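Here is a short briefing to read alongside your model. Please have the sequence and the 3D view open as you go.

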Amino acid sequence: MSQKRIFRQFLKQKLLTKNRLVILNEDTFEEIFSLRLTLMNVFVVATIGTGLIIFITTYIIAFTPLREFIPGYSSSKLKKEATELALKSDSLALAIKKNDAYLASIKKILTGDLEFAKFNKDSILAADAVDVSNIDMSPKEADLRLREQVAQEDKYNIFEKAKSKASLVLFPPAKGSITQKYNTKTKHFAVDLALAKNTPIKAIIGGTVLFSDWTPNSGNVIILRHNNGFISAYKNTATLTKNLGDVVKTGEVIALAGLSGQESTGIHLHFELWKDGYSIDPTQFIDFE
């Protein structure tokens with residue numbers, strides 16, 4: 001008989017040999033519990049128990065909230081809150097950036113430290129010089145046919161109504177004589193109006209008050225922000241009737257004419273009009289007289 005076969009028989013005998021596990025009372029040696037076991041049974045039970053423990057631990061870590069208490073695992077709620085905070089911080093950073101841009105623009109308006117832009121009277125867009133000498137402006141055959149067709153339709157259309165093409169109408173802040181015109185050469189980016197004392201000064205169009213306070217050079221100043229990037233400034237007034245953040249309507253009284261500020265030489269209104277950070281000649285849009 002080979003040694004290998006002898007070893008197998010010995011191992012089989014050890015694994016399958018029945019043993020008895022007995023629990024006795026220490027004082028009376030009375031048998032309390034007994035169990036017949038083999039090494040094979042112990043091995044199988046231990047293997048199954050170990051597998052169950054591993055399975056239960058893996059399930060707890062992967063599918064239950066208890067994994068949050070294990071070092072190295074983060075909470076799903078914490079991840080969600082962190083994502084929301086990151087989005088809010090980005091939104092706040094963008095809002096702060098916009099507010100800083102507005103404040104910088106207002107500061108430049110108050111100090112007059114801005115460049116000017118020339119604008120067409122028929123448009124709020126900057127005028128660009130375009131060479132049209134080499135462009136063929138003669139109508140094509142299709143254009144002529146379309147013109148004739150439109151002319152025939154308009155000739156007999158009795159229901160046509162005239163429509164205003166103006167998309168923006170600005171009302172004068174006050175009626176008065178212009179004592180100093182808009183002049184970019186002298187850096188006078190405004191129109192000065194001679195007014196009687198306590199003349200009501202009105203908003204040229206609806207908007208929101210960006211600034212309403214006293215300044216050393218310009219006296220009582222109120223600045224309005226309007227749609228389409230317009231900003232209007234009213235300086236050297238006697239009193240202000242609106243505060244920061246107020247919403248005003250077109251033609252609503254926002255101040256009273258008077259004499260205030262070191263640069264003021266008489267009762268007048270110093271009026272400025274701005275578009276996208278550039279000064280505009282107010283007389284191109286407003287009839288003051």
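A nonpolar core is a set of buried Ala, Val, Leu, Ile, Met, Phe, Trp, Tyr and Cys residues joined through side-chain atoms within 4.5 Å; buried means under 20% relative accessible area, exposed over 50%, and partly exposed in between (1.4 Å probe, protein chains only). This is a predicted model, in which local features need pLDDT of at least 70, side-chain atom pairs count only at pLDDT 80 or more, and totals for chains, interfaces and linings use all residues. Residues are numbered from 1 along each chain as its sequence is written, and side-chain values use heavy atoms, with hydrogens and water left out.

**Overall make-up**
- The protein has 4 helices and 12 strands, taken as DSSP runs numbered from the N terminus (helices H or I, at least four residues; strands E, at least two).
- Of its 289 residues, 24% are buried.

**Nonpolar cores**
- In the largest nonpolar core there are 26 residues, and those with the most contacts inside it are Ile201, Ile204, Leu224, Tyr234, Ile254, Leu269 and Phe271.
- Two or more residues of this core come from each of strand 4, strand 7 (219-225), strand 8, strand 10 (253-257) and strand 11.
- A second, separate core has 8 residues, including Ile109, Leu210, Val221 and Ala233.
- Leaving aside neighbours within four places in sequence, Ile204 is in contact with residues including Val169, Tyr234, Phe271 and Ile286, where contact means heavy atoms within 4.5 Å.

**The largest pocket**
- A pocket here is an open set of points on a 1 Å grid over the protein atoms alone, where a 1.4 Å probe fits, with protein on both sides within 12 Å along at least five of seven lines; lining residues have an atom within 4 Å of a point.
- The largest pocket holds about 380 Å³ of space, a volume being the space filled by probe spheres set on the points, which are joined across faces, edges and corners.
- Its lining has 24 residues, and His188, Ser218, Asn236, Glu263 and His270 lie nearest the centre.
- Strand 11 gives the most to this lining, with 4 residues.
- By class, the lining has 6 nonpolar, 13 polar and 5 charged residues; Ala, Val, Leu, Ile, Met, Phe, Trp, Tyr, Cys and Pro count as nonpolar, Asp, Glu, Lys and Arg as charged, and the others, Gly among them, as polar.

**A look at His188**
- His188 sits in the loop between strand 3 and strand 4.
- Its relative accessibility is 11%, so His188 counts as buried.
- Beyond its neighbours within four places in sequence, His188 is in contact with Gln180, Lys181, Tyr182, Asn183 and His270.
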